[in-house]
Amino acid sequence: YLYILLFPSCLQRSIKNYLENLLYQPKQLLSDFQQINHQQFQTAVKYLFRSKKNRFELGNIVLDLDRIRERIFQSPGGNRTLFLVTLEKCFPALSSMECVAILSQVLRVSSVSYLQPDVIRNLPKDLPQDTFRNLSAVFKDLYDKTTANAQRTLYDWMKQILQKSYITNELNDSTSWVSAENLWILGRYMVHLPLEEIMKISLNEMRLFISYDNATKQLDTVYDITPELAQAFLERINSSGFDLRNTSTIYRLGLLVCFYDNMEQMDATVARVLLHQMMKCNQLRGFQADVYKLKAQLLDIAMQNQTLNDTLGSLSDAVVGLTSSQLDSLSPEAVHNAISTLNQVPGWAKSQIMVLSSKYLTYEKVLSFYNISQMGALVTGISTQSFYNMNPKELSQVIRGTLSQYASHLSPAQQQGILTKMLASRDLSSGVTDIQGTFFKEVCLSDLWKETGFNSSIVKEKELRKSQALFLYELLSKKTTAPADLLSIGQLVKGVTCQQIERMSTDSFLNNFRFFEKNLQLLSPYQINCLAWKFWKTSNTSIPPFLLSVLPAQYLESISGTSCVPFLISLGKTELDLMTVNSHKKNTVLQKVEECLNGSISDEYDMDILGNLICHLPPAIIRDGISVRAMAIALHQFRFCRQLSHEQKTEIKYRFTELYGIPKNWTAQTTQDIGPFVALLSKDELTVLHKSLLLCIFGSFLQGDYKRSHLFSLCFDFFPDCTGIRAPSSDEIIKLAEANAFWTVQELQCLDTDTFTKNMEFLGTVMSFNRSQLIVLKEKAKQVWGALPGWKSYHIVSLGRIALALNESEIEALDLSSIDTIAALSQQTEWTFVQAKSILQGFLEDSGQTVHGLKSFDLAGLGANLCALNTTDIKTIKTTEFSAVIARVGLLPCSTPVLEEFKKVAESVFGIAAEWNSSIIHEIGIIAAGLNEREFKALDKDVMPYFQPAAIRHIPDEVFKELSPEQIANLGLENAAMVTESQRNHLNALQLQNLQLALDGARTSVQDTQTSASVIQSTHAPASNCE
């Protein structure tokens, strides 16, 4: 539309061509905009930003202004073009205030990735005061979206204008341009003030700033302030006449309290006030170890001459620093009286929650809706049996209230205990209606079968398993003729089968495709493949380009020239790993991407087009294909890639050293922007970086990076301890996070009792500890807690991964009578068969139960330990209890004999295996691998895509080879990709051929009627003739 207004000769050009040009050639749009005059720019702005109309009519042409705005803001490069044009044209053409409003609108709907230092340096520096303030306010709101270098450059821009204003004001007599008003204008950018500049701030100005009512709000947001700067501000505030021990002053300090260092002769009252204010310190970006240390010091002061029972409610979130044993010494009354504080504290460990919940409920006696609503996060410490014993009516209230907020933090045993009670004590219809959110995922398929009164409104606001969605979509589709009624309920798209997609009429499919596209992340690769074939069959000229990536390779061949950009944009908006699970197919797609890029990425507009595809760029393109101009943006994008290869990281390292120079010349902002890639530097390169910079980003390093041991040795100065061996301190353990795995066995042995007790639960979360390290930590636990029979449930839970070091006899010595203890142990996935058998046997013996007597929540809590059951015991499991948790049991990678026995129990729930449908096959998960040759042969080929991928890997080779070629061809992309090399080796030539068809995404039923791939008509951008 803008072309029609601005270039009369283009009036006859189609609106569609204009929109395509806008979407796919933003650089052309930028060039055309740069040629327009002020009046034309004002006209464009009027209709693009200021018009309240949704539609505009010009003769016979009707324009959808809302749609135009939406497409501009959503198109890669569209926002960048609007921003650059506005920056260049706006201030000369419009009033400054209007320009700020337009810039604000453009910035707020974008990723701000184009707000780079070189662009910021070109911002106008002669703005009227009010305009500058308003534009600064916009940048303050966008602070977290910008890179560290961009933040620093924005600070420099603001400083230049503020300094100029200060110099021209003859009334100023301070040696520093940093006045109270300028501090307020800087906002969060005040953290970029140099230390020496802070120390020069006039005491009068500092006093005035702290007196501002909004000073506290501003100081509450300086999340990235460093200890040195914070202490400099505290010193100036103290010197300006504010008493830092005065309660009213402490309330004004915001996040500066996190670095409070005036501890001499402090009384308990001031310490408690500081602790209360320090609850906000968990928002700091780093330095949490320093905060933890300060809280521990204040905690000691706050408790002087008082008992923990007396002071518990006044210690704020510092109580998280108390050990589980200290919490266990509290009286139930003290916990009850302090519950309003304890329920707001973040960061509780599971063992601490268990202790506090037990104390609170010991005082309350009866578990009710009211006292659960008072518990906050502590509700997750309520035992499974307590939930199960609760009044059903009150339980239904709780599940819609406090429990819904913390449902994801409940163990499988707790969730199942709650659901079992709700569904057993009420009619199924009302029970299912009351079960909300993630809880609904735990409702078993067999229970859904019993409910015949389902309608689409009941399913809204509920999270579904795929098996539930398969059943419910089939059921509900019989009750409505409008697919939109079901597809609009996002979770139900998980349950749409290929046959249902193929049965849709052309109009129905095209009209409802938006629901699939909106919920792409909920779809399986097989479903996406089905959508691609349906689109190809019904409208191959308008198929969304990203869908071509899931069709056989030949369908990509037609993409070239002008059709490349739409393809890259479309694919870049999706997750390639979601679309293609086969590595060969993914490589084919990436070859087409490389071909479309012509081996190079020249500028920021190319980066915009790539989107998520940047994470899959081949190393060669990263090394030679990305221009220096584009690399600054690329580096920021690479940080968000989850699975970069070693080869990609190596090239990224080369490029960022090319871009920023050698490490010794890096600024703090550069180190922050590089972030986890610092781990790629050599030891010599790391040596020149400041230790504090490394520690600030240590927790972000990617797990397993090969150079992290260099960082470990560089960040800490070794000194003799424990007879010449260094012992880790609490401070270091917290700072190192996953890198604690680099402590030697000898160093871990030297942990003193106090340090181990305070940090044991934290150490139990380190995933990289080897068995020798875990054994040392286990022995340290035995040394601290005494004999194993005396360990309480919270002791066992607090071990985390350290529990993996327990041997068979040690497990037998533990009290394993609580299913909640077992559920915590079951979270660990590295148990040996012998250990799992000991845990299972320990629970049965200590709880006095038999396998026949196990309830569904017991089975859920036992988790993978169920794989240690013998086939005789499995036969005794009650069918009703097993059916309630069959989906969870179906996640367990048990041995073939165990899976075969579980399959027999499943048949008592769902009928004979030969007649199982897609929802049942998906519900039982890996259990389906327990079917025998005869049962597999009897299965309809259409259910093959609904096996869970993990089940395919567990099918024995001699059984897998009995699948028919048709069944193998219908496995679907993700299941075909899970076939093991051993399984392949047992297949004949025809079976292998059909397996390849499945991997390629071929669809025999569609291919018979398809049009040749060579007729794809690409949607591409027309060239502009409006010159």
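The questions and answers below go through a predicted model of one protein.

User: How many helices and strands are there in the protein?
Analyst: Both kinds of element occur in this predicted model. The count comes to 69 helices and 2 strands.

User: What share of the residues of the protein count as buried?
Analyst: A residue counts as buried when its relative accessible area is under 20%. The protein has 1027 residues, and the share of them that count as buried is 56%.

User: Among contacts between residues at least 6 apart in sequence, what share join residues at least 24 apart?
Analyst: A contact means heavy atoms within 4.5 Å. Among contacts between residues at least 6 apart in sequence, the share that join residues at least 24 apart is 70%.

User: Which residues does Leu193 touch, not counting residues up to four places away in sequence?
Analyst: Leu193 is in the largest nonpolar core, which has 325 residues, and is one of the members that touch the most other members. Others named with Leu193 include Trp157, Phe233 and Phe902. Not counting residues up to four places away in sequence, Leu193 touches Tyr155, Trp177, Val178, Leu183, Leu186, Ile198, Leu229 and Phe233.

User: Is Lys778 buried or exposed?
Analyst: Lys778 lies in helix α51, residues 771–785. Leaving aside neighbours within four places in sequence, Lys778 is in contact with Ile802, Ala805, Leu806 and Glu810. The relative accessible area of Lys778 is 5%, and the cut-off is under 20%, so Lys778 is buried.

User: What is the handedness of the disulfide of Cys90 and Cys99?
Analyst: The sulfur atoms of Cys90 and Cys99 are 2.0 Å apart, and the two residues form a disulfide. Cys90 and Cys99 are both buried. The torsion about their S-S bond is about -105 degrees, so the disulfide is left-handed.

User: How many residues apart in sequence are the parts that the pair of Cys258 and Cys281 ties together?
Analyst: A disulfide joins Cys258 to Cys281, with 2.0 Å from S to S. Cys258 lies in the loop between α16 and α17, and Cys281 in the loop between α17 and α18, so the pair ties together parts whose separation in sequence is 23 residues.

User: Which helices hold Cys564 and Cys596?
Analyst: A disulfide joins Cys564 to Cys596, with 2.1 Å from S to S. The pair links distant parts of the chain, 32 residues apart: Cys564 is in helix α37 and Cys596 is in helix α39.

User: Why do Cys564 and Cys596 count as buried?
Analyst: Buried means under 20% relative accessible area. Cys564 is at 6% relative accessibility, so Cys564 counts as buried. The value for Cys596 is 16%, so Cys596 is buried.

User: How far apart are the C-alpha atoms of Gly561 and Glu595?
Analyst: Gly561 lies in the loop between α36 and α37. With a relative accessible area of 60%, Gly561 is exposed. Gly561 and Glu595 are 34 residues apart along the chain, and their C-alpha atoms are separated by 9.7 Å.

User: What kind of aromatic pair do Tyr388 and Phe857 form?
Analyst: The count of aromatic pairs comes to 17. For Tyr388 and Phe857 the ring centres are 5.1 Å apart and the planes are at 55 degrees, so the pair is tilted.

User: How many residues apart in sequence are the parts that Tyr388 and Phe857 tie together?
Analyst: Tyr388 is partly exposed at 21% relative accessibility, whereas Phe857 is buried at 2%. Tyr388 lies in helix α25 and Phe857 in helix α56, so the pair ties together parts whose separation in sequence is 469 residues.

User: Over which residues is the pLDDT below 50 or under 50?
Analyst: The mean pLDDT of the protein is 86, and 89% of its residues reach 70 or more. One stretch with pLDDT below 50 has 28 contacts beyond near neighbours in sequence, and this stretch is residues 699–708. Where pLDDT is low, the predicted coordinates should not be read in detail. Another stretch, with pLDDT under 50 and 52 contacts beyond four places in sequence, is residues 1005–1027.

How values were computed: Residues numbered from 1 in each chain as written. Predicted model: local features only at pLDDT ≥ 70, side-chain atom pairs only at ≥ 80, totals over all residues. Heavy atoms only, no water. Helix = DSSP H or I, 4+ residues; strand = E, 2+ residues; numbered from the N terminus. Buried < 20%, exposed > 50% of the residue type's maximum accessible area, 1.4 Å probe, protein only. Core = buried A, V, L, I, M, F, W, Y, C linked by side-chain atoms within 4.5 Å. Disulfide = S-S within 2.5 Å. pLDDT = per-residue confidence, 0-100. Phe/Tyr/Trp six-rings, centres within 6.5 Å; stacked < 30°, edge-to-face > 60°.
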